[in-house]
Amino acid sequence: MTFTAVLRSGLTELGVELEPGAEGLLAEFFGLVKEAAAGLNLTAIKEPEEAAVKHFVDSLALLRWVSLGEGDRLLDLGSGAGFPGVPLAVAAPGCRFFLLEAVRKKCFFLEQAVKRLGLTNTTVVCGRAEEYGRLDRYREQFGWVVARGVAALRELAEYALPFVAVGGCFVAYKGPRAAAEIEAAREALELLGGRVEEMVTYSLPRGGEKRVLVFIRKERATPAQFPRRAGVARKRPL
Ligand SMILES: C[S@@+](CC[C@H](N)C(=O)[O-])C[C@H]1O[C@@H](n2cnc3c(N)ncnc32)[C@H](O)[C@@H]1O
């Protein structure tokens, strides 16, 4: 099966519908990722069927539970080669997307890809969450923050929650160990103003790998001392 056929059947299985024209853009993005894969350390992404399921369908699974439209602002923290941010930006053109990534060569790839795909709703931000989360124009400015594959929840919460507006939501894309990660992150979430609202589970099509989206509601402003300076959350998670 081709990339597009696997993508289409995978999304149908999950109950996610795409805007007209989105499939073509996603296939074009896959081509760009594949071309850049070796230089970006993304070798696992080369097989079209596997990439369609593990990266594209997985990224878009959020849309089964969330609709992103006009006036929404979403930050993808640690976007890497653009997952889940780019597929979501293609699928939800009315929402404004910010792709935050610390590694310059990945940011360069993202900037080129955004330009090639004509994604006028998407801005690439090159830097670390620990720095950007302290700037007024980013701090508590997003109704949605998402992150996939960046860090364990206990550490990740300190990067992500400062960006979320009070009342907004941080969604962590996780695997089968999500419940244990939540347990380990309880104290951190409480300190940072977040509360786990819901955990939804889905199986990826074909291999059927189990995935979990953890929805964390921001209930209170994050105290000014967070995030701590770069490297501290990793060494001494809350
Ligand atoms: C394993 S990759 C996952 C990339 C992508 N989210 C995905 O699911 O394919 C993690 C990415 O997060 C970025 N990252 C890790 N910590 C970060 C931080 N504190 N601020 C910004 N980016 C960060 C890394 O540079 C890396 O590109």
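In the predicted model, Glu140 is placed in the loop between helix 6 and strand 4 (142-148). Although Glu140 is not a glycine, its phi is positive, at about 55 degrees. A positive phi near 65 degrees is also taken by Arg206, in the hairpin of strand 6 and strand 7, where six residues lie between the strands.

The loop holding Pro227 runs between strand 7 and helix 9 (232-235).

The strands considered here form an open sheet of seven, in the order 3-2-1-4-5-7-6 and with mixed pairing. At the edges are strand 3 (122-126) and strand 6 (194-203), each of which pairs on one side only. On average, and with direction ignored, neighbouring strands of this sheet are turned by 20 degrees against each other. In general, the strands of a sheet pair through backbone hydrogen bonds, either parallel or antiparallel. Strand 5 (residues 164-174) and strand 7 (residues 210-218) run antiparallel and are joined by six bridges. In strand 7, Phe215 is the residue opposite Val171. Strand 7 also runs antiparallel to strand 6, and nine bridges join these two strands. Here Ile216 of strand 7 is opposite Val196.

Packed helices are described by the angle between their axes and the distance between the axes. For helix 1 (residues 3-14) and helix 3 (residues 48-60), the angle is about 40 degrees and the axes are 9 Å apart. This crossing of helix 1 and helix 3 is right-handed. Helix 1 contributes Phe3, Val6, Leu7, Gly10, Leu11 and Leu14 to the contact, while helix 3 contributes Pro48, Glu49, Ala51, Ala52, Val53, Phe56, Val57 and Leu60. Divided by class, the residues of the contact of helix 1 with helix 3 are 12 nonpolar, one polar and one charged.

The crossing of helix 7 and helix 8 is right-handed. From helix 7, Leu153, Arg154, Ala157 and Glu158 meet Glu181, Ile182, Ala184, Ala185, Ala188, Leu189 and Leu192 of helix 8. The contact of helix 7 with helix 8 comprises eight nonpolar and three charged residues, with no polar ones.

The ligand has 17 residues around it, of which Gly78, Gly80, Ala102, Arg148 and Gly149 come nearest. Strand 2 (96-101) and helix 6 (129-132) are the elements that give two or more residues to this shell. The shell around the ligand is made up of eight nonpolar, four polar and five charged residues.

Definitions and conventions
Residues numbered from 1 in each chain as written. Predicted model: local features only at pLDDT ≥ 70, side-chain atom pairs only at ≥ 80, totals over all residues. Near = placed C-beta within 6 Å. Helix = DSSP H or I, 4+ residues; strand = E, 2+ residues; numbered from the N terminus. Nonpolar A, V, L, I, M, F, W, Y, C, P; charged D, E, K, R; others polar. Left-handed = near helix turned anticlockwise from the far one by under 90°. Contact = placed C-beta atoms within 7 Å. Pairing = 2+ DSSP bridges. Axes fitted to C-alpha atoms, helices over the stretch in contact; angles between N-to-C directions.
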